[in-house]
Amino acid sequence: MIIARDIHKHFGGFRAVDGASIEIEEGSITGLIGPNGAGKSTLFNVIAGVLPPTSGSVTMAGEDITGLPPHALFHKGLLRTFQIAHEFSSMTVRENLMMVPGGQSGEGLWNAWFRRGAVAAQERALAQKADEVLAFLTIDHLAEEKAGNLSGGQKKLLELGRTMMVDARVVFLDEVGAGVNRTLLNTIGDAILRLNKERGYTFCLIEHDMDFIARLCDPVIVMAEGKVLAQGSATEIMQNEAVIEAYLGT
Ligand code: ADP
Ligand code: MG
């Protein structure tokens, strides 16, 4: 699904990503782990179009997507979750989800101008879709809650929910479980597994919690110092000498 080849991302003279290549198989939940500062988020940002690479290429289903901006990738179904921005914290959870598809297409504008009835129907369809997403994530009781009032874990579920408002194919999650309690972490894990199995989502996720990684991810890719150090099943990775050394070295 995604092939990133020999990616370099330098900040001045500093090589945050220093020749990393990864492949994300269609239908997989691929884990990306590594010590702090390994370059994981930077590599994600390059693949997701947030940062242009210094060099290297990214393809999606065989098509060159190197350097395409996030909105272009969004239309191809490549999504990266973002934290709920401040502006949206006073909107309800349902409204936050309804914002996602945007309705910015020419057709949408046409409807807005000439066919207000159709717009109302679109709004109802969006609201219904949002409620389905909330039920899937088991947070339907929070539909009317202001996003700003959610707990950290509930916000993470809402971030995941936003990827479900469109036809996502591959979703990048950067530390979606950070600071989340065990119960909500399990709920997030369940949602990821169901999206993978029932909706065919491909995932690539950065995570520190090895239990979470081991439960969800195969393969697991390990980065250190801007390079890929190892790849394999969670069990293989945890027994890999170079990996253990890289973690102990920090
Ligand atoms: P990870 O996600 O694996 O913890 P990052 O990709 O966030 O690592 O960062 C890798 C390295 O690149 C770190 O040393 C970080 O300080 C540096 N870095 C990240 N972004 C920038 C930036 N915009 N400018 C300069 N250095 C950066
Ligand atoms: Mg990071």
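## Close-ups of a predicted model

**Figure 1. Who Met223 touches.** Skip the neighbours within four places in sequence, and Met223 is still in contact with Ala20, Leu32, Gly34, Ala38, Gly39, Lys40, Val228 and Leu229. Keep in mind that this is a predicted model. Met223 also turns up among the residues with the most contacts inside the largest nonpolar core.

**Figure 2. Inside the largest nonpolar core.** This core takes in 67 residues.

**Figure 3. The shell around ligand 1.** Around the ligand you'll find Phe11, Phe14, Ala16, Gly34, Asn36, Gly37, Ala38, Gly39, Lys40, Ser41 and Thr42. Two or more residues each come from β2 (14-24) and α1 (40-47). Which element gives the most to this shell? That's α1, with 3 residues. Sorted by class, the shell has 4 nonpolar, 6 polar and 1 charged residues. Gly34, Ala38, Gly39 and Lys40 belong to this shell, and they are also on the contact list of Met223.

**Figure 4. Stepping back to the protein chain.** Here are 10 helices and 10 strands. With a radius of gyration of 19 Å, close to the 18 Å that the globule rule gives for 250 residues, the chain is as compact as a globular protein of that length. Its C-alpha atoms fill a box of roughly 60 × 40 × 30 Å along the principal axes. Of the 250 residues, 37% count as buried. Take the contacts between residues at least 6 apart in sequence: 66% of them join residues at least 24 apart.

Definitions and conventions
Residues are numbered from 1 along each chain as its sequence is written. Chains are lettered from A and ligands numbered from 1 in the order in which they are written. This is a predicted model: local features need pLDDT of at least 70, side-chain atom pairs count only at pLDDT 80 or more; totals for chains, interfaces and linings use all residues. A residue is near a molecule or strand if its C-beta atom, placed from the backbone, lies within 6 Å of it. Helices (H or I, at least four residues) and strands (E, at least two) are DSSP runs, numbered from the N terminus. Ala, Val, Leu, Ile, Met, Phe, Trp, Tyr, Cys and Pro count as nonpolar, Asp, Glu, Lys and Arg as charged, and the others, Gly among them, as polar. A nonpolar core is a set of buried Ala, Val, Leu, Ile, Met, Phe, Trp, Tyr and Cys residues joined through C-beta atoms within 7 Å. A residue is buried if 20 or more other C-beta atoms lie within 10 Å of its own, exposed if 12 or fewer, and partly exposed in between; C-beta atoms are placed from the backbone. Two residues are in contact if their C-beta atoms, placed from the backbone, lie within 7 Å. The radius of gyration is taken over C-alpha atoms; the globule rule is 2.2 Å times the number of residues to the power 0.38.
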